[in-house]
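Visitor: I have a structure to look at and some questions to ask about it. Please show it first.

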Amino acid sequence: MIRNTILGWWQRGAVRDAGAALQAAGMLPGRAEWRRFLDQLLLWSGAVALAAAVVFFVAHNWSELGKLAKFALLQALVVAAVAGYWRLGSESAAGKAALLVASILLGALLALFGQIYQTGADTWELFASWAALIAPWVLIGRFAALWMLWVAVVNLAIALYFQVFFLEDQKQLWALFAFDTLALAAWELAGRRASWLDVSWGPRLLAIASGAAITALVVHSIFDWGRQPAPAAVLVYPLWLGCIYAVYRKLLPDLFVLAGACLSAIVVVAAFLSKQLLESGDAAGFLLIAIAVVAMGGAAGWWLNQLAREARA
Amino acid sequence: MMHGELWAKLCGAGLAGGEMPRDDAQGPWYVRLMLGVAGCIAAVFLIGFVAVGLEFVVQSKPASVFAGALMIASAYVLFLAARSDFSAMFGFAVSVAGQALLAYGLFRLLEGLGRATPWVVMAALEAALALIMANYFHRLVSAYAAVLLLSGALALSGAGALAPAFAAAALAHIWLNELRSAGLHATLQPIAYGLTLGTIHVETFNWGGKSFVSAFARPGSVDWAKPWMGEALVLATLLYVVWRLVRRAGWEPREPRSLIALASAAAIGATSLKAPGVAAGFIIVLLGFAHGNRVLWGLGIAALLFYVSGYYYLLDATLLFKAGVLAATGAALLAARWVMLRRVLPHA
């Protein structure tokens, strides 16, 4: 935001030297910032690459290596990662990286167990067990990325559960919507008490997941209208929009989530108009919907930019 | 920091003076993204309108080229006159529909002139639109489209693997010189973002050793340019970026820390030869951080995570080989960290 403001002033000739102005505003990194940044970047990318290497190795199911050796390798790595966490300390970045790696490796260990013993368990059970087993680490980790990994694993378990039992897409979407919305609410509530959870990207990702699920459900209901009784999505959707407005406009202002909600509303209205106007295949219907989308987008853009100006003033 | 405080700080540092300019800055990036996506949805319906209502135009090759060009020209005028998001969005939707119509006519009109020709012409057109269309999102999308179309043209010539190299060199050049001209900044910034997204996208073409265009249009043929050639050129761009940043920091070329920084970048970037995308991801992350651009370095981090997960599906190598490459990459990254903390940027 500050960067764009300075560059905007520079473009209009109000600021003479953009580089010096960015420097004065503390937007350009100095030696200490570069050191911290490269330290974190190389540590995290290195840890992720090594954890991914182990996962790929297990997935390869190398026949030259006996099953005992495979288990020993993975378990030793899990123990080493947990020991690293204990040794490096729960508050250091390296310690948190070690715990994240341990959590990923535990998933690989479960996959190896299923691969070797052919347990007959479904894939969703692997992810559900993974989520359950890493839950204690997630609880003690005090680390936002680890919580997001846990949420992603639970999402996968839910999605796969519904695929295995061939349940309707809508039930799967409802389950994902319910879980991600609850996770969003929990994150926002906890973020006010725990500073390590107070990061904007976490709730934003959850809001995208929750919004995408309910939007898909409403669009589904619009095109299925008449073929199913009383679609609940049509009733829940306005409630969801209202909650998003109340929370992210009033309580915890966040334009990102409001912009996403606006886009969702545009998609839903466009779907509704398509259902009403395009069944006859009339060209005018296409034009009308295009104009309606432009009008809604323009109005949403104007409103959001007003809010952005208010926030900057 | 509020605008008033920021202005006072800049005035205090002698970098600005007088009244604070009126706030007419563009909205945050995600508002622009929302408007752009809504514009794309509107464009889909406009294309539907043209396809259904003006079927006779679509069927004729010259008429579709002419009508498409007319729509693009109308959008150009709309952008020049645009005072609101409404007209800008409508202009964007009209332009995208016009480009689809023009491309549909052009590809049929030029089919006798070699398969790569329409791709080159469309890439040049998109590059021109990126420069002349006075709309942030349009410039970004056109630059992105130009990269994809150029990559298609290269793929049809057996050189698809080189596409990321051209795109990465272009994006590095623009981002490194972002603050050169206030007059050109509004034009170049969205183009640089478009090139960045295009680079992230076309890097994936090097995963399988053959781009999707090449796989469909030249099945069974062998590309003369191999993925490692493209990745070696991307690595050269990474080294150039590190070199420029080192020089900007005032380090001398022969200083040990300059050479170690370059050697570390070379070691990390070299993993791109077998794990395409690592060097490009690091170029984007470094440029973003160096310029205080959080969106850019966020894009770079997302690209690196995407490459690691997508690498699983790379068809040309066994999982065992890929595990080895990833382990080597991880080791190179951690070794570079060790060297950086002790030799390049030790505690002051």
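Visitor: In this predicted model, is Lys275(A) buried or exposed?

Guide: The model is a predicted one. A residue counts as buried when its relative accessible area is under 20%. Lys275(A) has a relative accessible area of 18%, so Lys275(A) is buried.

Visitor: Which residue forms a salt bridge with Lys275(A)?

Guide: The closest N and O atoms of the pair are 3.5 Å apart. A salt bridge needs such atoms within 4 Å, so the pair qualifies.

Visitor: How many places in sequence separate the parts tied together by Glu310(A) and Arg249(A)?

Guide: Glu310(A) and Arg249(A) form a salt bridge, with their closest N and O atoms 3.7 Å apart. Glu310(A) lies in helix H12 (residues 283–312) of chain A and Arg249(A) in helix H10 (residues 232–251) of chain A, so the parts that the pair ties together are 61 residues apart in sequence.

Visitor: Is Arg249(A) buried, partly exposed or exposed?

Guide: Partly exposed is the class between buried, under 20%, and exposed, over 50%. Arg249(A) has a relative accessible area of 24%, so Arg249(A) is partly exposed.

Visitor: How many salt bridges does the whole structure have, and how many of them are between chain B and chain A?

Guide: A search over all chains finds seven salt bridges. For chain B and chain A, the count between them is two.

Visitor: What does the pair Arg3(A) and Glu178(B) join?

Guide: These residues form a salt bridge, the closest N and O atoms being 2.8 Å apart. Arg3(A) lies in helix H1 (residues 2–11) of chain A, and Glu178(B) lies in the loop between helix H8 (163–176) and H9 of chain B, so the pair joins two chains.

Visitor: Are Arg3(A) and Glu178(B) buried or exposed?

Guide: The limit for buried is under 20% relative accessible area. Arg3(A) has 5%, so Arg3(A) is buried. Glu178(B) has 7%, so Glu178(B) is also buried.

Visitor: Which residue meets Asp39(A) in a salt bridge?

Guide: The side chains of the two residues meet with N to O at 2.5 Å. The residue that meets Asp39(A) is Arg337(B).

Visitor: What area is buried between chain B and chain A?

Guide: The contact takes 84 residues from chain B and 79 residues from chain A. Leu15(B), Phe45(B) and Phe289(B) supply 10% of the area that chain B buries against chain A, more than any other three residues. Carbon and sulfur atoms give 74% of the total, and that total is about 7200 Å².

Visitor: Which element gives the most to the side of chain B that touches chain A?

Guide: The count between chain B and chain A is ten residue pairs in polar contact. Among the elements of chain B that give two or more residues to this side are helix H2 (29–53), helix H5 (85–109) and helix H15 (319–344). The one that gives the most, with 16 residues, is H2(B).

Visitor: How many nonpolar residues does the side of chain B that touches chain A have?

Guide: By class, this side of chain B has 17 polar and ten charged residues. Its nonpolar residues number 57.

Visitor: How many residues are in the largest nonpolar core?

Guide: Leu74(A), Val293(A), Leu304(A) and Met34(B) touch the most other members of this core. Leaving aside neighbours within four places in sequence, Val293(A) is in contact with residues including Ile266(A), Ala38(B) and Met89(B). The largest nonpolar core has 115 residues.

Visitor: Is Pro29(A) buried or exposed?

Guide: Pro29(A) is found in the loop between helix H2 (18–24) and helix H3 (31–60) of chain A. Leaving aside neighbours within four places in sequence, Pro29(A) is in contact with Trp34(A), Phe289(B) and Ala290(B). The relative accessible area of Pro29(A) is 16%, so Pro29(A) is buried.

Visitor: What is the phi of Arg142(A)?

Guide: Most residues other than glycine have a negative phi. Arg142(A) is found in the loop between helix H6 (123–141) and H7 of chain A. Arg142(A) has a positive phi, near 50°.

How values were computed. Residues are numbered from 1 along each chain as its sequence is written. Chains are lettered from A and ligands numbered from 1 in the order in which they are written. This is a predicted model: local features need pLDDT of at least 70, side-chain atom pairs count only at pLDDT 80 or more; totals for chains, interfaces and linings use all residues. Side-chain values use heavy atoms; hydrogens and water are left out. Contact means heavy atoms within 4.5 Å. Buried area is the accessible area (1.4 Å probe) that two parts lose on being put together, summed over both. A polar contact is a pair of N or O atoms within 3.5 Å; within protein, one must be able to donate a hydrogen and the other to accept it, and residues adjacent in sequence count only if both atoms are side-chain atoms. Helices (H or I, at least four residues) and strands (E, at least two) are DSSP runs, numbered from the N terminus. Ala, Val, Leu, Ile, Met, Phe, Trp, Tyr, Cys and Pro count as nonpolar, Asp, Glu, Lys and Arg as charged, and the others, Gly among them, as polar. A nonpolar core is a set of buried Ala, Val, Leu, Ile, Met, Phe, Trp, Tyr and Cys residues joined through side-chain atoms within 4.5 Å. Buried means under 20% relative accessible area, exposed over 50%, partly exposed in between (1.4 Å probe, protein chains only).
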